[in-house]
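Visitor: I am new to reading structures. Could you take me slowly through one part of this one and show me how it is put together?

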Amino acid sequence: MKMFRSSKVIITLLTVALLFAFGTANVFAGKAVPKQKNIILATTTSTQDTGLLDVLIPIFEKQTGYFVKTIAVGSGQAMAMGQKGEADVLLVHSPEAEKKFVADSFGVNRQLVMHNDFVIVGPAADPAKIKGIKNAAESFKKIAAAEALFLSRGDNSGTHSQEKKLWKTSGINPEGQKWYQQTGLGMGQTLNVAAEKKGYTLADRGTYLAMKKNLNLNILVEGDAALLNIYHVMEVNIAKWPKVNAAGAKAFADFMVASKTQSIIKTFGVDKYGSALFFPDAGKKVEDLGK
Amino acid sequence: MNSETLIKIENIILQRGGSTVLDIREFQVQQGRILALIGPNGAGKSTLLLMLAGLLKPRQGKLYFQGRPVENRADLAILRRNAAVVFQEPLLLNSSVFENVALGLKFRRLKNEEIRKSVQSALDYFGISQLAKRSAKTLSGGEAKRVSLARAFAIKPQIILLDEAFNSLDPPSRETIIDDLKRILEETKITAVLASHDREETLRLAQDVSVMNSGKIVQSGKTAEIFNQPDSEFVANFVGTESILEGTVKSSNVGLMQITVAGKSIEAVGDFLPGQNVYCCLRPENVTVSNYTHGKMSARNIFEAKVSKIVRQGFFYKLTLDCGFPLVAYITIPSYEDLGIAKGGTVIASFKATAVHVIRREK
Amino acid sequence: MELIVQGIIKAFQLIISFDPEVLGITWLSLKISGTATFISLFIGISLGTAVALTNFYGKRLVISLINTGMGLPPVVVGLFVTIMIWRNGPLGFLEILYTPYAMIIAQAIIATPIVMGISLAAIQNLSPNLRLQILSLGASRLQMVWVLIKEARLPLLAAVMAGFGGVISEVGASIMVGGNIKGYSRVLTTATVMETGKGNFDIAIALSIILLLLAFLVNLILTQIQQRQHPR
């Protein structure tokens, strides 16, 4: 009767609950399982949004049996996580901050992985008339002069740091000016906002190309050495934070600079976008970059 | 017939929120009898009822059930299992009538066949077998009340407690349900205690009455006693001032009945059948007192009476008369002086047949 | 408008083709929010009922706290859970940051006050004498509570649906404690945010539609149970 029917419901619910419990256990069906299995990789939104990590991580995991938790937050937050020992390895592109990170002993074994470049994009109408200018800082001056709308990420990411560096070089302080707006968002979203509001922004070529089809922004300035966007991998110092998975971090770093991986990076994006999104640089010197 | 005491209370004092809710020196419920608890709002009737039902544990004082003291939770649980309460609201669950009536039996984990039998007989008692499969939420007030009564009886309790159980019913439903209940109580000999406001209900159902005020019991006794011989002004005011006479219908003709009361014959309007036991209720203001018989009066009830008590009450006098049965009359001060009434004197008491309010009485 | 149509078409395609990634994300959403709702159901209904039926000093204060908890900002919950379970937090040894378990915990914390608050009101709304009536018919404390809960079935199921609705749609805490890791802690809401950020609006809309469908289906089932009437 009524009691019987309600117990049926309970049994069903309990079974489902048990299925949950067992279902999630499958995630850890072992391959060669290393002792500390999880690696927390703190990286930037550009490496995730371009889809590069979606290709590389599974290969790494299959090879080593590690489980990589990719937390894509932006170079600034990534390094903050490293400083607190809440990440094992960083893949970021903010050279000044990185150097300080290593100098403060938070990071060890900083290795060059790849680079691409930044481009300054904006509306086709180009009200500040910066198209074709060779000097990036110069084009920033012109944007300020025209008081044209400029979107900044404003989030201490690698891109944001590079942008600030350019403003410094150009001698302009855009803070507080009404044509300078900070989104606090990732690269993809900032590009969306720029496209929507018909403004200028600094973007890494990879993300721009990946999103190009939905935006109505053109590349207006490119090629300046100051626009090089360099990615390094750093392992968080276990001496500072004993709970860090140093072995896993090293394995990942080694993987990123390994020649096989570097070949994959070299061809990533070619079939989809016509050109590679990143240029592999393991083993090179920073000064030699930029062809 | 000396029936056993089912429940006894001694020296119970119950405080709640700083005020005394119950203060009872001694109180008894006799087995197999029907007791009415009457009193104004806030007198403590419901509280006492809950205590008798085992739903409220007295912190001070003693409670005895079937001679044994109720001291701990286990004892209280035993009392509770042997009692059933019916509240003013039917408090039915959102399921079928059958499920509702079976509720108490289900708690006792009886076998399905046993449950079915008990439910069926409870439904039959109250004449609602045809409602068994109906959803309880669709019942009328009277039907719902029958279901809650059936539910209480289904568990075959030793004592059944009714808290203003008939208040919310319309008069016709009330009439029939009370009759049915009375009949069932007499058949099953289950002890009953009912808290009530309503005098007619009390007269119809109860054999014993206890009057409560401010948590205390101010008078206990048989029903007729309480109504006819209130021992305090409070009780008198509460039970009302009517004379209540026990009688039997001798004959009935075109709406006029002859009722035998204490050997005399009273005429009243109504159409009860001969042999029916009744109460005749008569308000004192409807009794006329005079020195001599008039010629032909419309009053059909004329009796010679001796004046047994005279009490002055404000602007009138209250006379207690003895016509062979007690009668209370009010007369104005001028009339009193005119008639020269004195204690022990003889007067003529008369009242109209239409002034007599007749209620069915079961022995 | 065209974008929405594109989104609907994309949703259709993804569902019909049983796209494994989308299926995985959907199943994970259901598992995580379902488990969290389940937990909140048990804790919420039992505690809510207990508070409703007991009289204790400070009851009003406790009820206000529960009612406030109903409006607890999920992002705040996410932040606090993160701080508790990250490596250097008091519960860091559990190593559950960036796992679905952390998401279940955060979502359960979000849903429980909701279920509790509504259950509390539902039980309080029952006739006060009903409790006594059931006890007088011979019920044990436990039997009485069970009957009351069944009697308040309608608002209690609304409580469960409110709890479920609150967490299936939650994104802030889920991103913070889950990390939106592909194939592991990525659910419909977090994936939608990510795809929007990447500019893949059609996929984002498709995921949103699938989320709405999922929520609708679950609530359809719960509503059936809630509204079940007994034969006239």
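Guide: Let's start where chain C meets chain B: 16 residues of chain C and 24 residues of chain B take part in the contact. Please keep in mind that this is a predicted model. On the side of chain C that touches chain B, helix 6 (128–136) and helix 7 (141–151) of chain C each provide at least two residues. Helix 6 of chain C contributes the most there, with six residues. Sorted by class, that side of chain C has seven nonpolar, seven polar and two charged residues.

Now let's step into chain B itself. Chain B splits into domain 1 (5–239) and domain 2 (243–360), and the C-alpha centres of these two domains are 35 Å apart. Where they touch, domain 1 of chain B gives six residues and domain 2 of chain B gives six residues. Helix 7 (199–205) and helix 8 (223–228) of chain B each bring at least two residues to the domain 1 side. That side has three nonpolar, one polar and two charged residues.

Chain B also holds an open sheet of six strands, in the order 6-7-8-3-9-10, with mixed pairing. Strand 6 (83–86) and strand 10 (216–222) of chain B each have a single partner strand, so one side of each has no neighbour in the sheet. From one strand to the next, the twist averages 15°. For a closer look, follow strand 3 (residues 34–38) and strand 8 (residues 191–196) of chain B, which pair in the parallel sense over five bridges. Within this pair, you can find Ala36(B) opposite Leu194(B) of strand 8.

How values were computed. Residues are numbered from 1 along each chain as its sequence is written. Chains are lettered from A and ligands numbered from 1 in the order in which they are written. This is a predicted model: local features need pLDDT of at least 70, side-chain atom pairs count only at pLDDT 80 or more; totals for chains, interfaces and linings use all residues. Two strands pair if DSSP finds at least two bridges between them. Helices (H or I, at least four residues) and strands (E, at least two) are DSSP runs, numbered from the N terminus. Axes are lines fitted to C-alpha atoms, for helices over the stretch in contact, and angles run from 0 to 180 degrees between N-to-C directions. Two residues are in contact if their C-beta atoms, placed from the backbone, lie within 7 Å. Ala, Val, Leu, Ile, Met, Phe, Trp, Tyr, Cys and Pro count as nonpolar, Asp, Glu, Lys and Arg as charged, and the others, Gly among them, as polar. Domain bounds come from an automatic or database domain assignment.
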